[in-house]
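Please look over the structure below before reading the questions and answers.

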Amino acid sequence: MKMLSRLERLEAESIHIMREVVATCENPVMLYSIGKDSGVLLHLARKAFYPGPLPFPLLHVDTTWKFREMIEFRDKVGREPGTNLLVHINQDGVRDGVGPFASGSRVHTDVMKTQGLKQALDKYGFDAAFGGARRDEEKSRAKERVFSLRETGHRWDPRRQRPEPWALFNTRKAKGESFRVFPLSNWTEADVWDYIAREGIPMVPLYFAKERPVVRRDGMLIMRDDDRMELLPGEQVEMLSVRFRSLGCYPLTGAVESEATTLPEVIAEMRGSTVSERSTRAIDHDGTGSMEQKKMEGYF
Amino acid sequence: MATLEAARAHLTASTLAQDSAQLRVLTCGSVDDGKSTLLGRLLFDTHSIADDQLSALDRESRRWGTQGEAMDYALLLDGLSAEREQGITIDVAYRYFSTARRSFIVADTPGHEQYTRNMATGASQADLAIILVDARKGVLAQTRRHAFIVATLGVRHAVLAVNKMDLADFSQARFDEIVTEFGQAASMLGFQSIVPIPLVARDGDNLATRSARMEWYNGPTLLDHLETVDATPPAEAAGFLLPIQLVLRPDSDFRGYAGTVAQGSVRVGDAVVALPSGRKSTVARVITSGRDQATAGAGEAVTIALSGEIDIARGDVLASAADAPRPTSRLEATLLWMDDDAMSPTRDYALLLGPASAGARVSTVRHAVDIETYREREASTLWMNEIGAVSIEVDRAVIAASYRENRALGAFILVDRASNRTVALGVVDGIGPEAATTPTRRLDSRAVAHAVLSTLTLGSVTLMMSGDAAVAVGVAGANVVVSAILNRIVAPR
């Protein structure tokens, strides 16, 4: 018997999960957040349903604070044949002037991301939403199921999650309940990059080092992507060769100083790194258990 | 994307080298034996914990830790607030790490009896189980329970990790005593290898580095063993089987049957039969990984197009026409009940077996298993966390296989139709009225031979020899020797 390699096994497992969703849920959607995990997820979905088109739309919940290069990349993906990209912005939040500088990271993430996501899921009546979250990212995610059951109102109750022996997923649900589905559960950051290299999946240029305008704030290197970011007294914009390991809202995402401009260099740097991928994400550090709290409120 | 193309070419060699096989590992054992500590320490010793996570661990150790001023490695794993507050593991945590030789997925599972179902979930996906024992307490009921579940779910390799050796004066006699005790219990469980290792997980003794405090031990460290154990699954029976997950019909020109190959391989031009209907056709296209291929094999996610259209739906199985299994509406199975409400013999459950779904009733409980003695006892129902041998009547014909022969078609769950809760997991021991011998039978030396025999799929002459040797030593209680013998016999495969 031919033994599947690590990446082949992960690919087959993810495709199996996606097909289960399409076979058993009525109105699935793929959350597309533009980063590397979303890129891999989209690539796998195209393989899963080849030679047909994607049997579900992509949804981007736009907080209006993403890097401009992310939005350009997203719009390019949205124009590819057989792709139906939906973009949702929480207009209540826009009207109320919610943003990372005005409201702080916690309120901004809750209103523009979590509430925005719930609005979009309710608006279109999606009963299953794919996400690119991986268990190796964060320790409450390490406890997450592949099929994560969300109650009415999208709340996550860790004690009500179903056992998932083998690859047997119980996809039954009551009216009002829905699933968040994580086909990349068993992938690591290294698997994602190795797969991107193997398959030649295009990525947002922000993952590669380039001279970019950054400001040192709260121990992070924040890229000043537009003039909505006002400089505080004593701050100055520096041009540094930086790249991003993880992408989110630009004011909440720290850059790392790097000279890695190619995929092999990025992979070598990741393997040698002594800090975690999400160390550059401000929202993870609002206190121990903060990711778990956000999940309970309906975050991914 | 010129850069990308160049990068891709440059990377091919190094990526292939790293694209090695993966070992899926489970840690289990009784409460407070130190499972999370062991795994946390292993991650630390293999440099799998980032600096920012280490400083968070230091902060949390002071707040929640049970190790005084020292690092409490368990907090790396216990990711839920309730777990940190109570200092116990409730749910399975999956951790990922790799060394130069192998990559690992480790499921850290709860020791408390009430969370046995979470432990069983981890076991269903594991190639190897690390069974922890506290050197002071020895083999407990929960150790025996876990060993039994692990074996029932087909994990063939076990490590007996005797932890907290510092609290037993690093005594070789105590270690040997526990190894013998466990060997006696496990001899009837049919593990292919059992490797006992004395540890102090908290301090890292014999985890990644050899302990200077137990020089009498000359076996491998835990990491050595994990990196080198041969966990290649036994070759499965060859006939092609594809349980259909969904029918892809993007336009009127294409109809494809998508699923993950459960067994054997398929090639363009092969004669196949759809089950349970029995209609025959020929394979016109084999698509995997988004392209047409000549052939595809077990474990691959494929889409098959046939030359003549036949009626096939989700839950049907496409099989090699020459070697097709017979559909059945009765399963002989071993069940682990997982719900607060006991199993009801008059209730209709939904049986999910691969992508197939059917109404099912547990018509007979042949016996429950006493998990301390592994003896059968009479039972009319199963309560939460109980294991029993049952007969299940299904309301339509399904394609199933014995779990020993085929994981994908031999495993199932039962779902309560009203609450949608997953109430049981099960493995098929046999199909139809002529049920095969179940692994839950009370075991004598002949049954040991049977258990050993049935975990190996080697040539019959070799089998008989290994079986006899295993029985002789296994009954004497020195299972270490058994594993050594079996490893030697199995290695050349």
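Predicted model: local features only at pLDDT ≥ 70, side-chain atom pairs only at ≥ 80, totals over all residues.

Q: Why is H2(A) called oblique to H7(A)?
A: The two helices H2(A) and H7(A) pack at an angle of about 50°, with their axes 10 Å apart. Angles under 35 degrees count as roughly parallel and those from 65 to 115 as roughly perpendicular, so H2(A) is oblique to H7(A).

Q: How do you know that H2(A) meets H7(A), and which residues take part?
A: Residues are in contact if their C-beta atoms lie within 7 Å, and on the H2(A) side A:Lys36, A:Asp37, A:Gly39, A:Val40 and A:His43 meet A:Val192, A:Tyr195, A:Ile196 and A:Glu199 in H7(A). By class, this contact has four nonpolar, two polar and three charged residues.

Q: What makes S2(B) and S6(B) edge strands?
A: The open sheet of six strands runs in the order S2-S3-S1-S4-S5-S6 in chain B, with mixed pairing, and strand S2 (93–98) and strand S6 (193–198) each pair on one side only.

Q: How do you know that S2(B) pairs with S3(B), and in which sense?
A: Pairing needs at least two bridges, and S2(B) and S3(B) have six, in the antiparallel sense; the bridge partner of B:Arg95 in S3(B), for instance, is B:Val106.

Q: How many residues of chain A are in contact with chain B, and which element gives the largest share?
A: In chain A, 57 residues are in contact with 64 residues of chain B, and H1(A) gives the largest share of the chain A side, 11 residues.

Technical notes: Residues numbered from 1 in each chain as written. Chains lettered and ligands numbered in written order. Contact = placed C-beta atoms within 7 Å. Helix = DSSP H or I, 4+ residues; strand = E, 2+ residues; numbered from the N terminus. Axes fitted to C-alpha atoms, helices over the stretch in contact; angles between N-to-C directions. Parallel < 35°, antiparallel > 145°, perpendicular 65-115°, else oblique. Nonpolar A, V, L, I, M, F, W, Y, C, P; charged D, E, K, R; others polar.
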